[in-house]
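Work through the exercises below with the sequence and the model at hand. Each task is followed by a solution in steps.

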Amino acid sequence: MTSRDRASQGLHPLAPRRRTVVKAAAATAVLAGPLAAALPARAADEAPAFLHGVASGDPLPDGILLWTRVTPTAAATPGSGIGPDIEVEWVMAQDKALTTVVAKGSVTASAASDHTVKADVRGLQPATDYWFRFSAGGTDSPVARTRTAPAVDAAVPGLRFGVVSCANWEAGYFSAYRHLAARSDLDAWLHLGDYIYEYGTGQYGTRDTVVRPHAPAHEILTLADYRTRHGRYKTDPDLQALHHKAPVVAIWDDHEFANDAWSGGAENHTEGAEGTWTARQAAARQAYFEWMPVRPAIAGTTYRRLRFGKLADLSLLDLRSFRSQQVKTGNGDVDDPDRTLTGRAQLDWLKAGLQSSDTTWRLVGNSVMISPFAIGSLTADLLKPLAELLGLPKEGLALNTDQWDGYTDDRRELLAHLRAHAIRNTVFLTGDIHMAWANDVPVDAGTYPLSASAATEFVVTSVTSDNLDDLVKVPEGTVSAVAAPLIRAANRHVHWVDTDRHGYGVLDITAARAQMDYYVLSDRTRPDATSSWARSYRTRSGTQKVERTYDPV
């Protein structure tokens with residue numbers, strides 16, 4: 001695409017498309033990975049089979065959503081659009097041996113839903129462990145554990161959630177999922193977006209080394225493509241293990257669609273050459289709801305609310321379906337009140353829910369960072385790779401306009417609402433930025449800490465997707481040692497930032513405090529990567545501020 005073509009589509013003529021930022025070391029890898037690569041090799045010998053594991057999600061006090069994908073014949077690979085209808089039975093019990101059955105049923109898997117099935121089981125007991133299994137054609141799936149939410153009015157002593165985001169298949173292995181699956185103390189786990197990535201092989205950050213190739217090898221555009229990519233991800237043994245251990249609560253971000261998606265397009269979408277955005281968005285949305293244990297919520301999106309007794313409720317946001325296009329350099333104003341990140345209806349829903357909440361904690365599942373982040377003070381050698389990571393023009397734009405910084409009127413209205421109604425204990429849980437952060441969320445960042453903090457924010461780093469040390473290709477910790485002090489000096493509400501490491505978080509909540517324990521991985525490119533505790537931060541009830549604590553829970 002020429003600079004003139006880019007300008008005609010509202011793109012900055014000098015801004016690189018993120019798909020071309022990182023080149024693959026081996027161009028031949030693009031040719032590998034046919035449609036059937038989403039299926040393990042053993043599939044040819046087994047039909048029907050449960051090759052993509054089982055999962056559960058969206059826990060309620062009396063219910064849980066169960067999911068699986070059955071392969072009825074060897075040819076019926078994800079995205080193939082072929083294969084016979086097949087009856088799939090499910091059973092749920094109070095014990096792992098499935099002897100004390102509490103519910104059972106059946107559902108038909110067909111090519112129309114890519115042979116994925118869901119069972120929304122109700123009539124269960126609150127705050128209870130259950131085990132479940134699917135069966136089809138004489139074949140049984142693995143047995144998996146799930147857990148219901150506490151009763152609405154229950155006095156809950158504590159909750160514990162795994163927290164993850166940003167898992168690029170080609171950049172490495174999903175050891176973060178394996179280490180979370182090894183725990184036996186999770187009520188659920190939160191995936192805050194970028195569960196999959198849309199790019200073709202070698203087109204997104206891998207330090208010039210494709211650890212394991214995507215399927216399909218090309219950038220995904222069609223319904224078959226998105227289904228195939230979801231199918232590839234669901235073959236990962238670490239991801240399967242975590243889905244088998246606890247229910248997931250997931251929201252989407254941009255890469256479930258295309259990079260820097262907004263309501264009318266995306267940075268990584270060329271209208272016409274890659275079809276229409278409307279068709280691509282619909283395909284991505286359909287595949288997501290087929291392949292994820294998520295209930296379609298308000299307006300067929302992922303914004304919805306779950307409650308965990310009197311201790312916490314969790315408002316889950318969709319920050320892609322309704323947003324205005326991101327501001328580009330010299331084109332638009334981040335403070336324009338006519339531009340929106342949330343859309344009017346979702347912002348009103350969020351404000352009303354936070355105000356009416358009678359729980360101790362108000363958690364917000366938030367796909368992009370709400371805390372202000374001034375990056376213009378960074379040195380040129382750090383600003384360039386950071387701009388690459390965030391998909392920004394490298395000339396030095398002082399804001400990441402894809403996050404709340406690009407939609408300041410929505411943020412101002414929300415934070416003013418929290419202050420005006422004395423709404424306490426609001427904690428934003430965020431992914432997207434491939435770094436770990438612990439932040440206060442100031443009403444006025446320019447005068448902080450003299451101005452008030454309206455909320456707090458815990459941001460988890462990526463599972464595998466590039467962070468700063470990956471982009472500049474230096475040893476882990478090198479960039480963070482320089483960048484973190486500069487970031488904190490320019491952003492006084494930031495208590496901690498780690499720009500370099502991959503990992504996950506564990507959020508532990510009691511009536512007295514909400515604490516995030518940050519864990520890091522030894523090497524994303526190794527399937528046997530170890531995990532170690534890095535830092536912990538908490539916010540004590542009533543403070544609206546973050547503080548460091550020196551031990552994980």
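**Exercise 1.** Classify Asp120 as buried, partly exposed or exposed, and do likewise for Arg122.

Solution. The model is a predicted one.
Step 1: buried means under 20% relative accessible area and exposed means over 50%, with partly exposed in between.
Step 2: the relative accessible area of Asp120 is 37%, so Asp120 is partly exposed.
Step 3: Arg122 has 44% relative accessibility and therefore also counts as partly exposed.
Step 4: the two side chains form a salt bridge, with an N to O distance of 3.1 Å. The structure holds 33 salt bridges.

**Exercise 2.** Find the salt-bridge partner of Arg147, and state which parts of the chain the pair ties together.

Solution. 
Step 1: the partner is Asp187, and the closest N and O atoms are 3.1 Å apart.
Step 2: Arg147 belongs to strand E8 (residues 144-147), while Asp187 sits in the loop between H2 and strand E10 (188-191).
Step 3: Arg147 and Asp187 are both buried.

**Exercise 3.** Describe the salt bridge between Asp253 and Arg320, and decide whether each residue is buried or exposed.

Solution. 
Step 1: the closest N and O atoms of Asp253 and Arg320 are 2.9 Å apart.
Step 2: Asp253 lies in the loop between E11 and strand E12 (261-262), and Arg320 in the loop between strand E15 (312-316) and helix H6 (344-356). The pair links distant parts of the chain, 67 residues apart.
Step 3: the relative accessible area of Asp253 is 1%, so Asp253 is buried.
Step 4: Arg320, at 2%, is therefore buried as well.
Step 5: elsewhere, shared partners join Arg160, Arg183, Asp185, Asp508 and Arg513 into one salt-bridge network.

**Exercise 4.** Identify the residues with the most contacts inside the largest nonpolar core, then list what Tyr177 touches.

Solution. 
Step 1: the core has 42 residues, and those with the most contacts inside it are Phe174, Tyr177, Trp189 and Tyr504.
Step 2: among the elements that give two or more residues to this core are helix H2 (175-181), helix H5 (277-291) and strand E22 (513-521).
Step 3: H5 supplies the largest share, six residues.
Step 4: leaving out residues up to four places away in sequence, Tyr177 touches Val164, Ala167, Trp189, His191, Asp238, Leu239, Leu242 and Val463.
Step 5: a second, separate core has 33 residues, including Phe161, Ala188, Leu311 and Val460.

Technical notes: Residues are numbered from 1 along each chain as its sequence is written. This is a predicted model: local features need pLDDT of at least 70, side-chain atom pairs count only at pLDDT 80 or more; totals for chains, interfaces and linings use all residues. Side-chain values use heavy atoms; hydrogens and water are left out. A nonpolar core is a set of buried Ala, Val, Leu, Ile, Met, Phe, Trp, Tyr and Cys residues joined through side-chain atoms within 4.5 Å. Buried means under 20% relative accessible area, exposed over 50%, partly exposed in between (1.4 Å probe, protein chains only). Helices (H or I, at least four residues) and strands (E, at least two) are DSSP runs, numbered from the N terminus. Contact means heavy atoms within 4.5 Å. A salt bridge is a side-chain nitrogen of Lys or Arg within 4 Å of a carboxyl oxygen of Asp or Glu.
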